[in-house]
Amino acid sequence: TSSSNMEGLEPAQIEQSGDEMMTNMIAEFEKLGQKEDFDQIVENMLRQLLAKDLMYEPMSKVCDKYPEWLAEKYETLSQDEYQRYGT
């Protein structure tokens, strides 16, 4: 399900979509006992989890909010940490 398809959905609908994905992943793990192609199954699951349409919106929000969060933490970080986290 792409993030554009999730816009306007109720939280319960989004949760249902996540539940369906988890059910599919569990089914794939159950197939491991029947298949020797473990690498292919893991690759497919990772591809689903890391798909741009799934990850873009949350990662975009993190990137948008990170500079403000870092500025708020300035007083609690050492200069080295601030430099490392800010680059």
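1. The side chains of Arg-47 and Glu-43 form a salt bridge, with 2.6 Å from N to O. The term stands for a side-chain nitrogen of Lys or Arg within 4 Å of a carboxyl oxygen of Asp or Glu. Arg-47 and Glu-43 are four residues apart in helix H3, so about one helical turn separates them. Glu-43 is partly exposed, at a relative accessible area of 37%. On this scale, buried is under 20% relative accessible area, exposed is over 50%, and partly exposed is in between (1.4 Å probe, protein chains only).

2. A word on the basis of these values. The model is predicted, so local features need pLDDT of at least 70 and side-chain atom pairs count only at pLDDT 80 or more, while totals for chains, interfaces and linings use all residues. Residues are numbered from 1 along each chain as its sequence is written, and side-chain values use heavy atoms, with hydrogens and water left out.

3. How many salt bridges does the rule give? The count is two. Besides the pair in point 1, Lys-61 and Glu-57 meet through their side chains at 3.6 Å, N to O. Lys-61 and Glu-57 are four residues apart in helix H4 (residues 52-72), and therefore about one helical turn apart. Lys-61 is partly exposed at 46% relative accessibility, and Glu-57 is partly exposed at 33%. In general, side chains of opposite charge can pair when their charged atoms come close.

4. The chain has five helices and zero strands. Helices (H or I, at least four residues) and strands (E, at least two) are DSSP runs, numbered from the N terminus. From that end, the order of elements is α-α-α-α-α.

5. How do helices H2 and H3 cross? The axes of H2 (residues 11-31) and H3 (residues 38-49) come within 10 Å and cross at roughly 170 degrees. This makes H2 roughly antiparallel to H3, a label for angles over 145 degrees. Met-21, Met-25, Glu-28 and Phe-29 of H2 make the contact with Ile-41, Met-45, Gln-48 and Leu-49 of H3. Contact means heavy atoms within 4.5 Å. By class, the residues are six nonpolar, one polar and one charged.

6. Tyr-82 lies in helix H5 (residues 79-86) and is partly exposed, with a relative accessible area of 24%. Leaving aside residues up to four places away in sequence, Tyr-82 touches Leu-70, Tyr-74 and Leu-77. Tyr-82 and Leu-70 are twelve residues apart in sequence, and their C-alpha atoms are 7.7 Å apart in space.

7. For the chain as a whole, 10% of the 87 residues count as buried. The accessible surface is about 7200 Å², and 53% of that belongs to carbon and sulfur atoms. These areas come from the Shrake-Rupley method with a 1.4 Å probe.

Terms used
Axes are lines fitted to C-alpha atoms, for helices over the stretch in contact, and angles run from 0 to 180 degrees between N-to-C directions. Angles under 35 degrees count as roughly parallel, over 145 as roughly antiparallel, 65 to 115 as roughly perpendicular and the rest as oblique. Ala, Val, Leu, Ile, Met, Phe, Trp, Tyr, Cys and Pro count as nonpolar, Asp, Glu, Lys and Arg as charged, and the others, Gly among them, as polar.
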